[in-house]
Amino acid sequence: MADVISRSRAARSDMVRWLAFSLVCAGGSLGLSWLGPVVPLPSAVRGVGGLFAVFLLPLASLLVPVLLLRRVPRKQRKVAWQLIVPPIAGVALGFLGTVAGEAAALADRGVSADAVVVSADHSSTNHCELRTVDGQDISPSLSESDGCRDATAKGDEVRVRYDPEGIASPDDGRTSSYGVLLATLFGAAVVMGTWGGVRQSRWDRAYADA
């Protein structure tokens, strides 16, 4: 009876521990990438935050549960298939979080203006360099998805919304909601990360008890 109670407590402890860890990894990827353009943070800080959001935290969500298997011999260690999901979802959260953060930044401090296309690059993904009609450069460039069409050429006038801070990418005023997709990715990372971490811990204890 005591053994059953002990195992039950260990299982609950594993659940809480890996849930907290998964929340930190997924929440960190989303939060750091979203805050960069919204605050706005200095470029150096955004760079470090982006590194954590897109690479280090997603990688940690996979490696930490595996490396914590101390009692299982290295050659006998295995990875729960659930742990494939958190790093993939984490990378997606990092990239889409930045896009959502830029949209939020434009909604908060964006300025609508008529702009002139200074140059248009159609070599791969379209990018248009813009300048307001009164001669102020707009940075960053306008992307294809935000209004730099195949037919857009140097000298064309376009109506855009841009960030005076020069951090969020300009757009043509049309807004896209990423709330459902971000919530789905976040939920998948947390649920599968918790599940996979619990399985890894269970294997570790089972080997020690054998």
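Me: In which strand does Pro 140 lie?
Reply: The model is a predicted one. In this model, the peptide bond from Ser 139 to Pro 140 is cis, with omega near -5°. As for secondary structure, Pro 140 belongs to strand β3.

Me: Which residue is joined to Pro 40 by a cis peptide bond?
Reply: Pro 40 is placed in the loop between α1 (2-38) and α2 (43-67). The cis bond there has an omega of about -15°, and the partner of Pro 40 is Val 39.

Me: Which cysteine is joined to Cys 128 by a disulfide?
Reply: A disulfide is a covalent bond between the sulfur atoms of two cysteines. With sulfur atoms required to be within 2.5 Å, the count comes to 1 disulfide. Its S to S distance is 1.9 Å, and the residue joined to Cys 128 is Cys 148.

Me: How many residues apart in sequence are the parts that the pair Cys 128 and Cys 148 ties together?
Reply: The link of Cys 128 and Cys 148 is right-handed, with 70° about the S-S bond. Cys 128 lies in strand β2 (residues 127-132), whereas Cys 148 lies in the loop between β3 and β4, so the pair ties together parts whose separation in sequence is 20 residues.

Me: Is Cys 148 buried or exposed?
Reply: Buried means under 20% relative accessible area. Cys 128, its disulfide partner, has a relative accessible area of 0%. The relative accessible area of Cys 148 is 0%, so Cys 148 is buried.

Me: Is Thr 152 buried or exposed?
Reply: Thr 152 sits in the loop between β3 (137-143) and β4 (157-162). Not counting residues up to four places away in sequence, Thr 152 touches Val 117, Ala 120, His 122, Cys 128 and Gly 147. Its relative accessibility is 9%, so Thr 152 counts as buried.

Me: The backbone nitrogen of which residue lies 3.0 Å from a polar atom of the side chain of Thr 152?
Reply: A polar contact requires N or O atoms within 3.5 Å. The backbone nitrogen in question lies 3.0 Å from a polar atom of the Thr 152 side chain, and it belongs to Arg 149.

Me: What is the volume of the largest cavity?
Reply: Rolling a probe the size of a water molecule over the atoms shows where empty space is left. The structure holds 1 cavity of 30 Å³ or more. For the largest cavity, the volume is about 80 Å³.

Me: Which helix gives the most to the lining of the largest cavity?
Reply: Of the 13 lining residues, Cys 25, Ala 26, Ser 61, Pro 86 and Ala 189 are the closest to the centre of the largest cavity. By class, the lining has 8 nonpolar, 5 polar and no charged residues. At least two lining residues come from each of α1, α2, α3 and α4 (179-209). With 5 residues, the helix that gives the most is α1.

Me: How many charged residues are in the lining of the largest pocket?
Reply: The largest pocket holds about 310 Å³ of space. Of its 15 lining residues, Val 99, Ser 145, Asp 146, Asp 171 and Tyr 178 lie nearest its centre. The largest share of the lining, 4 residues, comes from helix α3 (residues 85-109). By class, the lining has 4 nonpolar and 5 polar residues, and the number of charged residues is 6.

Key
Residues numbered from 1 in each chain as written. Heavy atoms only, no water. 1 Å grid on protein atoms, 1.4 Å probe; cavity = no way out; pocket = protein on both sides within 12 Å on 5 of 7 lines; lining within 4 Å. Points joined across faces, edges and corners; volume = space filled by probe spheres on them. Nonpolar A, V, L, I, M, F, W, Y, C, P; charged D, E, K, R; others polar. Buried < 20%, exposed > 50% of the residue type's maximum accessible area, 1.4 Å probe, protein only. Polar contact = N/O pair within 3.5 Å; in protein donor to acceptor, adjacent residues only side chain to side chain. Contact = heavy atoms within 4.5 Å.
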